[in-house]
Amino acid sequence: MAGQTEFSGFPPVRVDLTGLVENPGESHAVSGRVEADSYRVGEKEYRLTDGVSYDVVFTNAGDGVLVSGMVRAHAEGECDRCLEPASFEVAGEIQEYYLFAEPDDPDAYEDDFEVLGQDRVIDLADSIHDAVVMDTPFVVLCQPDCKGLCPTCGANLNLGDCGCSSHQVEEHAASDDNPFAKLRDLKLDN
Ligand SMILES: [Zn+2]
Ligand SMILES: [Zn+2]
């Protein structure tokens, strides 16, 4: 039954480490592309024009596998100021730790970790997704100096001056709460 489907993440990116990184210091590199076409950050949705490419290295660090790498993507969305299309490059970092076995003392580990399953398969989907989200600018702009929309008439100020701001300055100057308006009314006859 088709209902409201919430976009929850990327398709699985399973890496099978069976027979790999068995000894401390050994590493295994994996590269690829996640065929995801969008992601969300809060209320905002961004399109991915060419999925997300990733370069990840799995390293046996003694008691677990260190997963470190980079993700890259080209994302498109909406300018937060003028609502016109805006795009940006994502270059995020992945850093995860998978212990070989459940630790006796979980508090001994300062950083977050997961436990590697019996099948020695790691799904990178969430790590890649989180890295993309983390590298998404808090404010997305069509251009660094986007002028945004006029708060009065809604015109896109990048396309030219709508005339409202000069209007506002005049009105403001004439209003009573403007100190210069009072100065203007001062009678200087002593
Ligand atoms: Zn803009
Ligand atoms: Zn205006």
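This is a predicted model: local features need pLDDT of at least 70, side-chain atom pairs count only at pLDDT 80 or more; totals for chains, interfaces and linings use all residues.
R47 is partly exposed, at 44% relative accessibility. The side chains of E76 and R47 meet in a salt bridge, 4.0 Å from N to O. E76 sits in strand β6 (residues 64-78) and R47 in strand β4, so the pair ties together parts that are 29 residues apart in sequence. E76 has a relative accessible area of 28%, so E76 also counts as partly exposed.

Next, select D50 and R33. Their side chains form a salt bridge too, at 3.3 Å from N to O. D50 lies in the loop between β4 (44-48) and β5 (52-60), and R33 lies in strand β2 (residues 27-34), so this pair links parts 17 residues apart in sequence. D50 is partly exposed at 46%. R33 is partly exposed at 41%.

Move to R40 and E45. Here the side chains meet in a salt bridge of 3.5 Å, N to O. R40 has a relative accessible area of 33%, which is partly exposed. E45 is partly exposed at 42%. How many salt bridges does the whole structure hold? A search finds four.

Last stop: the zinc ion (ligand 2). Show C150, C153, C162 and C164. Their SG atoms are the protein donors, lying 2.3 Å from the zinc ion. In sequence, these donor residues follow the spacing C-x2-C-x8-C-x1-C. Why is the arrangement called tetrahedral? The four donor atoms subtend angles of 105 to 112° around the zinc ion, which makes it so. C162 is partly exposed at 31%, whereas C164 is buried at 17%.

Technical notes: Residues are numbered from 1 along each chain as its sequence is written. Chains are lettered from A and ligands numbered from 1 in the order in which they are written. Side-chain values use heavy atoms; hydrogens and water are left out. Donors are N, O and S atoms within 2.8 Å of the metal (3.2 Å for Na, K and Ca); water is not among the atoms, so sites may look incomplete. Four donors count as tetrahedral if all angles lie between 85 and 135 degrees; four count as square planar and six as octahedral if opposite donors are over 155 degrees apart and all others between 65 and 115; anything else is irregular. Buried means under 20% relative accessible area, exposed over 50%, partly exposed in between (1.4 Å probe, protein chains only). Helices (H or I, at least four residues) and strands (E, at least two) are DSSP runs, numbered from the N terminus.
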